[in-house]
Amino acid sequence: MSQPSLKILLIGASGTLGRAIAAELSHRHEVIPAGKNSGDVRLDLADPASIKAALAKVGKIDAVACAAGKANFTPLSQIDVADIETSAYGLGLRDKLMGQVNLTLAAREHLNPGGSVTLISGILSEHPIAAGSSASMVNGALESFVRAAAVEMPHGQRVNIVSPNVFQESMRSYGPFFRGFDAVPVARAALAFSRSIEGLQTGQVYRVY
């Protein structure tokens, strides 16, 4: 049974995961690449106005997939009491957390009935590491948000999240943070995005460990 071609907005399309998602989906769907500094559409997750403008530019779509989001890696001993703007946690809260929350909220007006949003969290929601408290906090919050938002999405729209392990392709940069982790090929995480976008489930956390 063939599936109709979908119009998919892919945020973070130029990154390691984004390229893998595009490779998995673009031969059977229309994938619109988006990013802060590259892509057919410019979208800054930390800027709600940028999110709204990007979605308005692409018009009606069938899916939004996010493979972007920033958070600091800072030892807890170096994090002091502070407001969000000056805290070491601020980047993750503004960008990866609220950026993806705002993306989901804004997407509701642009998704066709039955359309989907797929967000990105990560293994640190369940398996913390030294200096990773910001990423763990943000990832856990995103997974809880997806479970709750799925209950209230309008017009049969769906929302899921992919939680991958560190990628084999990223170990040169992130290896020192993930000693002993069994890194996965990024193509496995791309398959989880395919499962979310082309499937029927909602409120799911697709773990790629």
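Predicted model: local features only at pLDDT ≥ 70, side-chain atom pairs only at ≥ 80, totals over all residues.
This report walks through the salt bridges, helix contacts and a few individual residues of the structure above.

Residues are numbered from 1 along each chain as its sequence is written, and side-chain values use heavy atoms, with hydrogens and water left out.

## Salt bridges

There are 4 salt bridges in the structure, where the term means a side-chain nitrogen of Lys or Arg within 4 Å of a carboxyl oxygen of Asp or Glu. Side chains of opposite charge can pair when their charged atoms come close. The table gives some of these pairs.

| Salt bridge | N to O distance |
|---|---|
| Glu24 and Arg28 | 2.8 Å |
| Arg28 and Glu198 | 2.7 Å |
| Arg207 and Glu126 | 3.6 Å |

Take Arg28 and Glu198. This pair links distant parts of the chain, 170 residues apart: Arg28 sits in the loop between helix 1 (16–25) and strand 2 (30–35), and Glu198 belongs to helix 6 (residues 186–198). Helices (H or I, at least four residues) and strands (E, at least two) are DSSP runs, numbered from the N terminus. For accessibility, buried means under 20% relative accessible area, exposed over 50%, and partly exposed in between (1.4 Å probe, protein chains only). Glu198 counts as buried because its relative accessibility is 19%, while Arg28 is partly exposed at 30%.

## Helix contacts

A few terms first. Axes are lines fitted to C-alpha atoms, for helices over the stretch in contact, and angles run from 0 to 180 degrees between N-to-C directions. Angles under 35 degrees count as roughly parallel, over 145 as roughly antiparallel, 65 to 115 as roughly perpendicular and the rest as oblique. A crossing is right-handed if the near helix is turned clockwise from the far one by less than a right angle, and left-handed if anticlockwise. Contact means heavy atoms within 4.5 Å. For residue classes, Ala, Val, Leu, Ile, Met, Phe, Trp, Tyr, Cys and Pro are nonpolar, Asp, Glu, Lys and Arg are charged, and the others, Gly among them, are polar.

The axes of helix 1 and helix 6 come within 8 Å and cross at roughly 55°, so helix 1 is oblique to helix 6. Their crossing is right-handed. Residues making the contact include Leu17, Ile21 and Glu24 from helix 1, plus Phe193, Ile197 and Glu198 from helix 6. By class, this contact has 10 nonpolar, 2 polar and 2 charged residues.

Helix 3 (residues 90–107) packs against helix 4 at an angle of about 15°, with the axes 9 Å apart, and therefore the two helices are roughly parallel. Helix 3 passes helix 4 in a right-handed crossing. Among the residues that meet here are Leu93, Lys96 and Leu97 in helix 3, and Met137, Leu142 and Phe145 in helix 4. The contact of helix 3 with helix 4 splits into 8 nonpolar, 5 polar and 1 charged.

Helix 3 also meets helix 2 (residues 48–58): their axes come within 10 Å and cross at roughly 35°, again in a right-handed crossing. Pro48, Ile51 and Leu55 of helix 2 touch Gly99, Asn102, Leu103, Ala106 and Ala107 of helix 3. Here the classes are 6 nonpolar, 2 polar and no charged.

## Individual residues

Val58 lies in helix 2 and counts as buried at 9% relative accessibility. Leaving out residues up to four places away in sequence, Val58 touches Lys7, Leu9, Ile32 and Val41. Val58 and Leu9 are 49 residues apart along the chain, with their C-alpha atoms separated by 8.0 Å.

If you check backbone torsions, look at Ala131, which has a positive phi of about 70° although it is not a glycine. Ala131 is in the loop between strand 5 and helix 4, and is buried at 16%. His155, not a glycine either, has a positive phi of about 55°. His155 sits in the loop between helix 4 and strand 6 (158–164) and is exposed, with a relative accessible area of 60%.
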